[in-house]
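Good morning, and thank you for coming. Please look at the structure as I bring it up, and keep it in view while I speak.

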Amino acid sequence: MDTDTEKAISPSGHPTATDPPPPDTSNTSFLENLALLTRLETRGIERVLPSESTVILSWRSYLQAFVLWVSINLAAVNITLGMLAPTVFGLGFTDAAWCAVGGSVIGSAAVAYVATWGPRSGCRTMIFARYTMGWWPGKLVVLLNLIVLLGYALIDCVVAGQILSAVSPDGSMSVIVGIVVVAVITWMVTTFGIRVFHYYERYAFLPQLIVICTLYGISAKNFDLTTPSLGDAATVAGNRLSFLSLCLSAAITYAGVAADYFVYYPPSTPRFQLFTMSLLGLSTSFALALISGIGLATGIPAIPAYATAYSTSQGALLVTAFAPLGAFGRFCAVVIALGLIANLIPPTYSSGVDFQLLARRAARVPRWGWNTVGVVIYMVCALAGRDSLAEIFTNFLALMGYWVAVWIALTLEEEVLFREWWGDRGWEWADWDRREKLPIGLAALTAFLIGWAGAVLCMDQVWYVGPIARLVGDYGADMGNYVGFSWAAVVYPPLRWLELRKFGR
């Protein structure tokens with residue numbers, strides 16, 4: 001197992017009960033020496049044992065969980081997501097706001113649930129997924145999760161680049177330069193690991209909160225609160241459901257990484273408290289960001305400056321909203337652009353761990369090495385797709401949320417029916433890397449594919465509308481998350497019972 005260089009200081013910032021003596025570096029490699037000297041986190045996919053927990057439980061520990069999620073999601077990317085409700089789905093302010101809050105709360109509940117497994121198991125999220133999916137099928141969800149993480153990072157980079165370009169004098173900074181700047185800063189933070197990660201997120205929310213409150217104060221008078229949603233009753237219902245699903249997908253995709261950030265909490269961490277603080281942090285920050293974006297977009301038809309800016313980019317609309325404040329407004333726009341780094345850090349950090357799970361040989365490459373690979377991948381993709389942000393949002397986010405919803409259904413039933421509540425098999429966390437002890441995964445894979453098939457039949461995307469989704473209104477309705485979840489939930493219990501009866505694991 002790699003040396004864990006962050007044992008002496010917890011993610012909450014408090015010293016552990018006993019600090020270890022300075023490490024003996026006489027028999028370590030150059031890279032290990034460098035990691036020790038720079039306090040670089042070298043732990044990758046290895047399970048954190050109870051004796052290695054570094055967080056001392058107190059009210060600060062729970063507050064850290066709340067603040068972590070607020071810092072991550074109080075970001076411009078969620079403001080631009082909110083803009084899609086009036087501009088793409090034709091929803092009025094009230095309809096859009098209710099859908100944004102409802103969708104983000106449902107998705108956040110799934111994320112908060114997964115977060116509680118970090119302290120309990122000491123395993124990273126995709127390691128924990130092996131206890132449902134098994135060894136080989138588990139690699140499928142790892143691959144899907146990597147696509148989600150790098151895709152989200154791509155979107156963050158594009159939004160940040162747009163804002164920095166729009167706020168620069170006469171557009172002197174190109175979107176390309178802005179993308180590179182935020183990607184490099186993110187790489188620097190994630191390279192050092194979970195300690196610096198938590199420290200950064202502990203304070204990142206404050207400037208973002210101030211700037212977003214300023215945004216509300218300067219632009220709320222331009223929100224159109226009265227214009228109703230466009231279309232007949234069936235079309236409006238379909239658009240409501242599609243936007244709610246988009247917001248749900250934006251939130252639920254964090255479920256693939258949520259446990260990663262709490263593995264250093266002790267196993268005795270109460271699940272209810274961690275779940276509650278995570279849910280509050282997620283849902284509050286999503287609501288603040290999404291509703292501000294919805295409000296800005298409702299003003300586009302009546303305010304020519306907003307319409308002109310939006311025709312350039314979503315980031316330009318944000319900069320225009322701050323324009324009445326002059327130089328201070330441009331400063332606020334820069335702050336909100338750099339605030340996207342807090343949103344970029346989690347997927348970048350977790351992608352480094354997930355790459356290690358693809359193969360035994362991949363695990364030999366250190367986490368920070370894979371972090372570097374991930375940054376290069378999403379930076380290049382962001383540069384290539386910088387002019388197609390709205391299309392990336394509507395096509396990518398909802399599609400990637402489907403698999404997470406299916407996996408959540410399987411995980412819930414594995415816990416309730418077969419491990420704890422009704423079943424008595426329990427969890428052998430020491431078997432996290434023993435293929436012969438983990439589930440075969442045939443039941444989970446079959447249920448997963450059936451759930452995915454249901455999602456495809458009910459998805460509503462620009463490039464494909466499923467036959468069931470097409471039945472609602474003029475433009476269809478995206479029901480993929482709900483149908484995928486329910487179909488998987490129906491077929492998994494009997495398949496898992498047969499698997500246990502046949503193979504005993």
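The expected span of a helix is 1.5 Å times one less than its number of residues. Please bear in mind that what you see is a predicted model.

Let us apply that rule to helix α15, residues 327–338. With 12 residues at 1.5 Å a residue, helix α15 should span 16 Å.

Which residues of α15 are buried? They are G329, C332, A333, V335, I336 and A337. In general, an α-helix has 3.6 residues a turn, so residues three or four places apart point the same way. As for their surroundings, the buried residues of α15 pack against α3 (76–87), α8, α10 (194–219), α14 (314–322) and α16 (340–356).

I turn next to two individual residues. S245 has its place in helix α11, which covers residues 233–252. Is S245 buried or exposed? Its relative accessible area is 0%, and because buried means under 20%, S245 counts as buried. Leaving aside neighbours within four places in sequence, S245 is in contact with D478, N481 and Y482.

V490 lies in helix α20, residues 480–503. Its relative accessibility is 61%, and since exposed means over 50%, V490 counts as exposed. V490 and I450 stand 40 residues apart along the chain, and their C-alpha atoms are separated by 9.9 Å.

How many cavities of 30 Å³ or more does a search of the whole structure find? The search finds 2.

The largest cavity holds about 60 Å³ of space. Its lining consists of V148, L149, Y152, T253, Y254, V257 and P347. Helix α8, residues 135–167, gives the largest share of this lining, with 3 residues. By kind, the lining of the largest cavity has 6 nonpolar residues, 1 polar and no charged.

The second largest cavity holds about 50 Å³. Lining this second cavity are M126, R130, W135, G138, K139, V142 and L357. Here too the largest share comes from α8, with 4 residues. The lining of the second largest cavity divides into 4 nonpolar residues, 1 polar and 2 charged.

Thank you for your attention.

Note on methods
Residues are numbered from 1 along each chain as its sequence is written. This is a predicted model: local features need pLDDT of at least 70, side-chain atom pairs count only at pLDDT 80 or more; totals for chains, interfaces and linings use all residues. Side-chain values use heavy atoms; hydrogens and water are left out. Helices (H or I, at least four residues) and strands (E, at least two) are DSSP runs, numbered from the N terminus. Buried means under 20% relative accessible area, exposed over 50%, partly exposed in between (1.4 Å probe, protein chains only). Contact means heavy atoms within 4.5 Å. On a 1 Å grid over the protein atoms alone, a cavity is a set of points where a 1.4 Å probe fits but cannot get out, and a pocket is an open set with protein on both sides within 12 Å along at least five of seven lines; lining residues have an atom within 4 Å of a point. Grid points are joined across faces, edges and corners, and a volume is the space filled by probe spheres set on the points. Ala, Val, Leu, Ile, Met, Phe, Trp, Tyr, Cys and Pro count as nonpolar, Asp, Glu, Lys and Arg as charged, and the others, Gly among them, as polar.
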